Amino acid sequence: MAKKEMFEDGDASNVDAGTVSRSDFPPDFVFGVATSAYQVEGASSEGGRGPSIWDTFCRNKGKIVDGSHGDIAVDQYHRYKEDVDLIAKLGFQAYRFSISWSRIFPDGLGTNSNTEGITYYNNLINYLLEKGIQPYATLYHWDLPQYLHESMGGWLNKQIVKYFAIYAETCFSSFGDRVKSWITINEPLQTAVNGYGYGIFAPGRSENSSIEPYLAAHHQLLAHATAVSIYRKNYKEKQGGQIGLVLDCEWAEANSEKNEDKVAAASRLEFQLGWYLNPIYYGDYPEVMRKELGDRLPKFSDEEIELLRNCVDFVGLNHYTSRFIAYAEESPEEGDFYKAQRMARIVEWEGGGFIGEKAASEWLFVVPWGIRKVLNYIAQRYHNPPIYVTENGMDDEENEMCPIHEMLDDKLRVIYFKRYLAEVSQAIKGGADVRGYFAWSLLDNFEWAQGYTKRFGLIYVDYKNGLSRHPKSSAYWFLRFLKGSEGEHSKKE
Ligand code: GBH
């Protein structure tokens, strides 16, 4: 059977629009929406906030396609009540947001915490709870205090572990009586590879790309593990919460039945997930990484191995897209990180046509079956841990010429969510312990290097008219889905 047919058959059972419904998920399954501080808050120099590496990075010419920044972003700092009201109206039970480290410790050093910053998150958390929405707080979503970068090299310096621990503990003690789900770090892979290897994300380093990504990853892992051990020792029992790490992973499907392609696809997954999960579940980096990278990959001491052992209560998965992976002695992709993987990422079927419909971002193709495969992979390889899908979604291109009512009717996004959710429910039925799902994103926001040119929101933000919020069709689809009035009818027929 041709590869393409195989997937179409697999799909046909559950992709027919409307065949996913709330009742396909366990009753206690959590549905939420996600954002991150720098992408939505704005108020970059208000409330005693110190600068972060993204404030600085955005000032470098050519780094952000539209020359923009997050100074105002979508102003959630001032509009959090309006946004929380919207989350509640749409029927979501949880909000995943991130805390801006430099609002809590303006220089990151952990000597004096900033009362106004703590007050802001107290207000946000209290208002969420008042509206019946569970807070899921991420401690680090890429916005390192600038001073920690300048004074000591940020994630390249092992000292960062100590400062992260102080920051994390301050958050547990300030908010943990109400926040029951913590995420230490969002996508350490992206910080390592794009922040310290390719330089397309803050802090924009690419000078030493064969060494720095691996150091930055190493220190993020140790920072994560240290925060978890503090939480487990001093807070977890008393506060009754859970703590995890969020990883991003494109599904890697072998491009053919050839052994070399299967090996390449397997190693592609090791370079994304194994890099972080193997130290936690198996005590060291994946063998294939050791083999390809040699001494460039740092070593863990016995004590660190002990610290890392099982240091997650759940695995958070950010998943958007998939690729076919073929073996390539010389990787066509630039840079050390991809070279080491000896593979090519392919978006076309062997007989022509794309793996899925392309979204606005160059990297994002709609491939619903990929999420089921990656969930099953995590379940099988890492002892069936509790998993939360902490991000999933797609973007539309900003288009000033397009009338707003057209932008609001985001048909492809509705299909995306239906089909990806159907696959998540299949993974659960197959035994993966998926506990929750967060759509990215609550609303259009600052999309990092893409600035405001890409829109991932369920809610449209009118940048030209006072940042007003307008729910898109996908938001209304979720409202019906969460009420249980979506999908049931067609299923009974
Ligand atoms: C997530 O990362 C982030 O957590 C979130 O903040 C962000 O808004 C969301 O994605 C949407 O992008 O192809 O060289 O341009 C997902 C992982 C990392 C995937 C960066 C796309 C683009 C690199 N993403 N990558 S490139």
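I began with helix 18, residues 411–429, which has 19 residues and reaches 27 Å from its first C-alpha to its last, close to the 27 Å expected at 1.5 Å a residue. The expected span is 1.5 Å times one less than the number of residues, and helices here are DSSP runs of H or I with at least four residues, strands being E runs of at least two, numbered from the N terminus. After helix 18 I found Gly431, whose phi is positive, near 115°.

I noted that this is a predicted model, in which local features need pLDDT of at least 70 and side-chain atom pairs count only at pLDDT 80 or more, while totals for chains, interfaces and linings use all residues. Residues are numbered from 1 along each chain as its sequence is written, and side-chain values use heavy atoms, with hydrogens and water left out.

Next I looked up the ligand, which has 17 residues around it, and those that come nearest are Gln39, His141, Glu187, Glu447 and Trp448; a residue is near if one of its heavy atoms lies within 4 Å. By class, I found 8 nonpolar, 5 polar and 4 charged residues in this shell, where Ala, Val, Leu, Ile, Met, Phe, Trp, Tyr, Cys and Pro count as nonpolar, Asp, Glu, Lys and Arg as charged, and the others, Gly among them, as polar.

For the side chain of Glu391, I found an N or O atom 3.0 Å from an oxygen atom of the ligand. The ligand on its own has 580 Å² of accessible area, of which the protein covers 79%, by the Shrake-Rupley method with a 1.4 Å probe.

Last, I checked the backbone in the loops. The peptide bond from Ala202 to Pro203 is cis, with omega near 5°, and Pro203 lies in the loop between helix 9 (188–196) and helix 10 (212–234). I found another cis peptide bond from Trp440 to Ser441, with omega near 15°, and Ser441 is in the loop between strand 14 (434–440) and strand 15 (454–455). Trp142 is not a glycine, yet its phi is positive, about 85°.

Technical notes: Polar contact = N/O pair within 3.5 Å; in protein donor to acceptor, adjacent residues only side chain to side chain.
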